[in-house]
Amino acid sequence: MKESHIPVLANEWLSFLPEDSLKIYVDGTLGAGGHALCVLENHPEIERFIGIDQDTNALEIAKEKIIKWSDKVTFVHRNFSEINQVLEELGIEKVDGILLDLGVSSMQLDVGERGFSFQQTGPLDMRMNRENELSAEIIVNTWSEEELGRIFRDYGEEWQWRRAARKLVQERSQRKIVTTKDLVEVLSPVLKSRKVGIHPVTKVFQALRICVNSELEVLQQVLPQAINCLNPRGVLGVITFHSLEDRIVKNFFRHEASNKQDTSGLSGLFLEKPSTVTLLNKKPITATDEEIELNPRSRSAKLRVVEKK
Ligand SMILES: C[S@@+](CC[C@H](N)C(=O)[O-])C[C@H]1O[C@@H](n2cnc3c(N)ncnc32)[C@H](O)[C@@H]1O
């Protein structure tokens, strides 16, 4: 296995799976099939394994990786935000385990042509699903300065969002910005990095990618559906790679685990509601030093797991 394809927090995720009642399992972010392989190898009792990815390349690679189990695997080219519909179409009502390992894969980052990485030259694309229309090139060349500023601030948490947006709008009045290299050349001279070793355009690239793929919106859409389609004692695990994603998952899981309705504004009153899940870890699980050394991408990973009541 190539080092960059090592699944993140795989042993930790395996430790949360029920011993022998895992019959139907969904991997919502199949990627290179790394987690899928671990789960299938460790849980021969699985009868149906549904592997979803919105990237057809990922599905092809995963198919090879888990070919040994192809009899029980259904590969699905969809957004995980359509999980309810996918299961309905397959005639499946409830499942016993779901994993979402968010973001882009190292495979996607490593291929310059996909446009995800400032370290590779390629078109400003960044679409995980290449059937979608919106690309980073469209955003960078046509969105207003205000809209660009908003996404750099909200999706990149970039403190120099105003400066980055202004510079882009100035520059594109002279020439179209079409490659990752163009974008790096335009922004590098005007942005500063607060952390040694972090490239100044890192956050702008993150913001564009999140925006192109509506990453925060689809995460918000999938979480309630995922809880809803779990059997009692079924588990949902989510691996996040930045604080915007982790905050959404943390708040949603806390809300589902609580039996109190959010009553902000009702001065002290609270309403009861059913608690639907148990938090299996109060604090997110992070990678060990050994894993980080083997796979630096795991440094920012956080795993949160809930069990359906
Ligand atoms: C971090 S990688 C997953 C790696 C995988 N767990 C493995 O071990 O090889 C994320 C994958 O999820 C896919 N993905 C991200 N968001 C998605 C979404 N909303 N719907 C479907 N697939 C998504 C990406 O295309 C990518 O292949």
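The report below treats salt bridges, surface charge, cysteines, backbone angles and contacts across the sequence in turn.

## Basis of the report

This is a predicted model, in which local features need pLDDT of at least 70, side-chain atom pairs count only at pLDDT 80 or more, and totals for chains, interfaces and linings use all residues. Residues are numbered from 1 along each chain as its sequence is written, and side-chain values use heavy atoms, with hydrogens and water left out.

## Salt bridges

The structure holds 17 salt bridges, a salt bridge being a side-chain nitrogen of Lys or Arg within 4 Å of a carboxyl oxygen of Asp or Glu.

| Arg-78 | Glu-82 | 2.8 Å |

Helices (H or I, at least four residues) and strands (E, at least two) are DSSP runs, numbered from the N terminus. Arg-304 counts as buried because its relative accessibility is 8%, and Asp-246 is buried with a relative accessible area of 7%. In these terms, buried means under 20% relative accessible area, exposed means over 50%, and partly exposed lies in between (1.4 Å probe, protein chains only).

Salt bridges that share partners also join Lys-167, Glu-171, Arg-175 and Asp-182 into one network.

Lys-181 and Glu-185 both belong to helix α9 (residues 180–187), where they are 4 residues apart, about one turn of the helix. Lys-181 counts as partly exposed at 46% relative accessibility, and Glu-185 is likewise partly exposed, with a relative accessible area of 43%. Glu-82, the partner of Arg-78, has 27% relative accessibility and therefore counts as partly exposed.

## A patch of positive charge

Which residues gather in a patch of positive charge on the surface? The patch consists of Arg-162, Arg-163, Arg-166 and Lys-192. Patches are made of residues with over 30% relative accessible area and no salt bridge; like charges are joined within 9 Å, and nonpolar side chains (Val, Leu, Ile, Met, Phe, Trp, Tyr) within 5 Å. Arg-162 has its place in helix α8 (residues 161–172). With 53% relative accessibility, Arg-162 counts as exposed.

## Cysteines

How many disulfides does the structure hold? There are 0 disulfides, where a disulfide is a pair of cysteine sulfur atoms within 2.5 Å. Cys-211 counts as buried at 9% relative accessibility, and Cys-229 counts as buried at 3%.

## Residues with positive phi

Met-126 has a positive phi of about 70 degrees although it is not a glycine. Met-126 is placed in the loop between α5 (106–110) and α6 (136–142), and its relative accessibility of 0% is why it counts as buried.

Arg-233, also not a glycine, has a positive phi of about 75 degrees. Arg-233 lies in strand β5 (residues 230–240). Is Arg-233 buried or exposed? Arg-233 is exposed, with a relative accessible area of 57%.

## Contacts across the sequence

The following pairs are described by their separation in sequence and by their C-alpha to C-alpha distance.

Glu-291 and Ile-6 are 285 residues apart in sequence, and 9.5 Å separates them in space, C-alpha to C-alpha. Glu-291 is found in helix α13 (residues 289–294) and is buried, with a relative accessible area of 12%.

Between Thr-56 and Arg-130 there are 74 residues of sequence separation and 8.4 Å in space, C-alpha to C-alpha. Thr-56 has its place in helix α3 (residues 56–65) and counts as partly exposed at 39% relative accessibility.

Lys-282 and Val-306 are 24 residues apart in sequence and 9.7 Å apart in space, C-alpha to C-alpha. Lys-282 is found in the loop between β6 (277–279) and α13. Its relative accessibility is 69%, so Lys-282 counts as exposed.

How values were computed: Accessible areas come from the Shrake-Rupley method with a 1.4 Å probe; for residues, only the protein chains shown count as cover. Lys and Arg count as positive and Asp and Glu as negative; His and the chain ends are not counted. The place of a charge is taken as NZ of Lys, CZ of Arg, CG of Asp or CD of Glu.
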